[in-house]
Amino acid sequence: MFSTLSGGQVMTVEQRLEVIEGELMRLRAREEICQLKARYLNACDRQDPEAVRACFAEGEVKIDMSYFGQCANRDEFVDGIFVPRGCHDHVLDMHHCANPEIEILDADHARGVWSLNYRNINTQDQTLTLLSALYYDEYRRIDGDWKISGSRTEYRTVMHCIYKSGSLQVSTAARSLAG
């Protein structure tokens with residue numbers, strides 16, 4: 001059985017198998033990256049620093065969270081931003097990502113864009129924050145496992161509210177909480 005390539009060339013069975021294997025590799029990589037992102041988001045919501053740390057590559061990893069800070073590696077991110085800001089009983093978070101645009105660059109490198117829908121309830125400060133952002137991620141496969149090897153967050157919308165019994169007051173509605 002033969003198929004044709006663009007340009008009218010005939011493809012052998014071996015060539016077809018090679019094409020199918022390549023497509024399967026890309027689909028598997030895409031699914032593994034989606035699972036990695038889900039583990040990261042769920043670890044954030046569980047306030048699990050070690051599970052968050054495990055989602056990132058060791059060594060140099062540029063993490064740019066705009067006004068929340070920039071980090072040069074996963075430890076700076078987890079210990080300097082994630083734990084101090086998010087790991088408290090009074091912090092209730094929800095991170096949901098959708099609309100993945102994942103590009104497999106080769107067998108061990110990929111990049112992706114994700115749309116984040118985030119909700120934060122702070123029961124101590126009595127605040128509610130709703131925001132949307134885009135994650136621009138880079139991925140590297142290390143010892144067979146995909147890891148986040150870079151990430152930049154672009155904030156798109158934010159609404160920050162103060163709540164008291166029977167009332168909800170909007171204090172910010174903008175593109176970011178900065179300024």
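## Salt bridges

A salt bridge here is a side-chain nitrogen of Lys or Arg within 4 Å of a carboxyl oxygen of Asp or Glu. With that in hand, take Arg-156: its partner is Glu-154, and their closest N and O atoms are 3.0 Å apart. Glu-154 also meets Arg-152 in a salt bridge, at 3.8 Å from N to O. A word on provenance: this is a predicted model, in which local features need pLDDT of at least 70 and side-chain atom pairs count only at pLDDT 80 or more, while totals for chains, interfaces and linings use all residues. Residues are numbered from 1 along each chain as its sequence is written, and side-chain values use heavy atoms, with hydrogens and water left out.

For accessibility, buried means under 20% relative accessible area, exposed means over 50%, and partly exposed is in between (1.4 Å probe, protein chains only). Arg-156 is partly exposed at 33%, as is Arg-152 at 36%, and Glu-154 is partly exposed at 23%. Elsewhere, salt bridges with shared partners link Glu-50, Arg-53, Asp-75 and Asp-79 into one network. The whole structure holds 11 salt bridges.

## Helix H1 and its surface

Helices (H or I, at least four residues) and strands (E, at least two) are DSSP runs, numbered from the N terminus. In helix H1, Arg-26 and Glu-23 are 3 residues apart, so about one helical turn separates them. These two form a salt bridge, with the closest N and O atoms 2.6 Å apart. Arg-26 is partly exposed at 33% relative accessibility, and Glu-23 is partly exposed at 40%.

Helix H1 also contains Leu-17, which is partly exposed at 46% relative accessibility. Together with Val-13 and Ile-20, Leu-17 forms a nonpolar surface patch of about 260 Å² accessible area. Such a patch is made of residues with over 30% relative accessible area and no salt bridge, with nonpolar side chains (Val, Leu, Ile, Met, Phe, Trp, Tyr) joined within 5 Å. The areas come from the Shrake-Rupley method with a 1.4 Å probe.

## The largest nonpolar core

A nonpolar core is a set of buried Ala, Val, Leu, Ile, Met, Phe, Trp, Tyr and Cys residues joined through side-chain atoms within 4.5 Å. The largest one has 35 residues, and Tyr-40, Val-52, Phe-56, Phe-77, Leu-116 and Tyr-139 touch the most other members. Elements giving two or more residues to this core include helix H1 (13–46), helix H3 (74–86) and strand E8 (145–164). H1 gives the most, with 8 residues.

Notes:
Patch = residues over 30% accessible without salt bridge, like charges linked within 9 Å, V, L, I, M, F, W, Y side chains within 5 Å.
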